[in-house]
Amino acid sequence: MNAPVDLPVPNPPRVRKPDWIRVKAPTSEGYAETRRLMRSLKLATVCEEAACPNIGECWTKKHATVMILGDTCTRACAFCNVKTGMPRAVDPFEPQNTAIAAAQLGLEHIVVTSVDRDDLPDGGASQFVKVIEALRSETPKTTIEILTPDFRNKSEDAVARIVDAGPDVYNHNLETVPRLYPTIRPGARYYASLRLLESVKRRNPAVFTKSGVMVGLGEQRLEVHQVMDDMRSADIDFLTMGQYLQPTPRHATVKEFVTPQAFNSYAAIARAKGFLLVAASPLTRSSYHAGDDFKKMQAARAERLAR
């Protein structure tokens, strides 16, 4: 009798995306111009590295989210398409090149994010400070939104230095509900991220704080409501919610495509909980329409203070 042959186990078929989640491939001249500028300045963007579905729309409008500290992350989150490994040395020209890009794109509002750099003594906080300073010098009228990592084991001093540099918006994403952290965001700690955002407000209440979550990873509705409550207890101003999309078969699978109607329901509940602003839709991402949303936050705060 022949020995049984071990057949390879096929990958499960990827779930077909519903109509509301599909976007057109980027083909515009504006997209090409933005890409050429980023390449010429040797700047990475989260738009490309994280395979953002909105890249065609945003780059056509010459809105790009710069990703500083290189393109290689020291962590390996199950949802993220940014490559993992040992990063290169920090580029000393990156802050000035970011400011040059903002000037050439004519940005009224810029979003700057980064990879995790657990290899650096300050987690890369000093590079954020240098970028903010370069932007203030080169394009003083541009409002600045930063999206930072959690600066694990070094957050208090790192965050304080960045807040003191004077960004207009400080964003740090919680990403998902606490129960899913061990599988989706294993290198991070949910309550440490909450404390980081709370510390921003304590140090400078004028800075807008912002955080985002993905849905479709297997979270329960009441768990999402609890995350909203936790965010409000940390005095977070702006909540973003979007559909998780699996970037490759190696990443966490999509458990559910949340309907636009369900996003509307989440948004209504979040507004009732007291956020200044809520953006919730299948294609919402942290920096999607960030400039317009910043103006809405300013108006919402002014209206609240006038009451």
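**Exercise 1.** Which residues does Ser287 touch, not counting residues up to four places away in sequence?

*Solution.* Before the steps, two conventions are needed. The model is predicted, so that local features need pLDDT of at least 70 and side-chain atom pairs count only at pLDDT 80 or more, whereas totals for chains, interfaces and linings use all residues. Residues are numbered from 1 along each chain as its sequence is written, and side-chain values use heavy atoms, with hydrogens and water left out.

Step 1: with contact taken as heavy atoms within 4.5 Å, and leaving out residues up to four places away in sequence, Ser287 touches Thr65 and Val111.

Step 2: Ser287 is placed in the loop between β8 (277–280) and α11 (290–306), where helices (H or I, at least four residues) and strands (E, at least two) are DSSP runs numbered from the N terminus.

Step 3: Ser287 counts as partly exposed because its relative accessibility is 24%, given that buried means under 20% relative accessible area, exposed over 50% and partly exposed in between (1.4 Å probe, protein chains only).

Step 4: according to an unreviewed UniProt entry, the annotation "binding site" covers Ser287 together with Cys47, Cys52 and Cys58; such annotations may be inferred rather than shown by experiment.

**Exercise 2.** Is Lys210 buried or exposed, and with which side chain does the side chain of Lys210 make a polar contact?

*Solution.* Step 1: Lys210 lies in strand β6, residues 208–215, and it counts as buried because its relative accessibility is 1%.

Step 1: a polar contact is a pair of N or O atoms within 3.5 Å, of which, within protein, one must be able to donate a hydrogen and the other to accept it, and residues adjacent in sequence count only if both atoms are side-chain atoms. The side chain of Lys210 makes such a contact with the side chain of Glu145 at 2.6 Å, and it also reaches the backbone oxygen of Ser286 at 2.7 Å.

Step 2: not counting residues up to four places away in sequence, the residues that Lys210 touches include Glu145 and Ser286, and among them are also Tyr170, His172 and Phe238.

**Exercise 3.** Where is Asp168 placed, and how far apart in space are Asp168 and Glu145, C-alpha to C-alpha?

*Solution.* Step 1: Asp168 is found in the loop between α6 (155–165) and β5 (169–171), and with a relative accessible area of 21% it is partly exposed.

Step 1: although 23 residues separate Asp168 from Glu145 in sequence, their C-alpha atoms are 5.8 Å apart in space.

Step 2: a polar atom of the Asp168 side chain lies 2.7 Å from the backbone nitrogen of Ile144, and Ile144 is one of the residues that Asp168 touches, as are Arg136 and Phe294, not counting residues up to four places away in sequence.

**Exercise 4.** Which residues line the largest cavity?

*Solution.* Step 1: on a 1 Å grid over the protein atoms alone, a cavity is a set of points where a 1.4 Å probe fits but cannot get out, and lining residues have an atom within 4 Å of a point. The count comes to two cavities of 30 Å³ or more.

Step 1: the largest cavity holds about 40 Å³ of space, and its lining consists of Thr176, Val177, Val213, Met214, Val215, Glu219, Val224 and Val227.

Step 2: strand β6 supplies the largest share of this lining, three residues.

Key
1 Å grid on protein atoms, 1.4 Å probe; cavity = no way out; pocket = protein on both sides within 12 Å on 5 of 7 lines; lining within 4 Å. Points joined across faces, edges and corners; volume = space filled by probe spheres on them.
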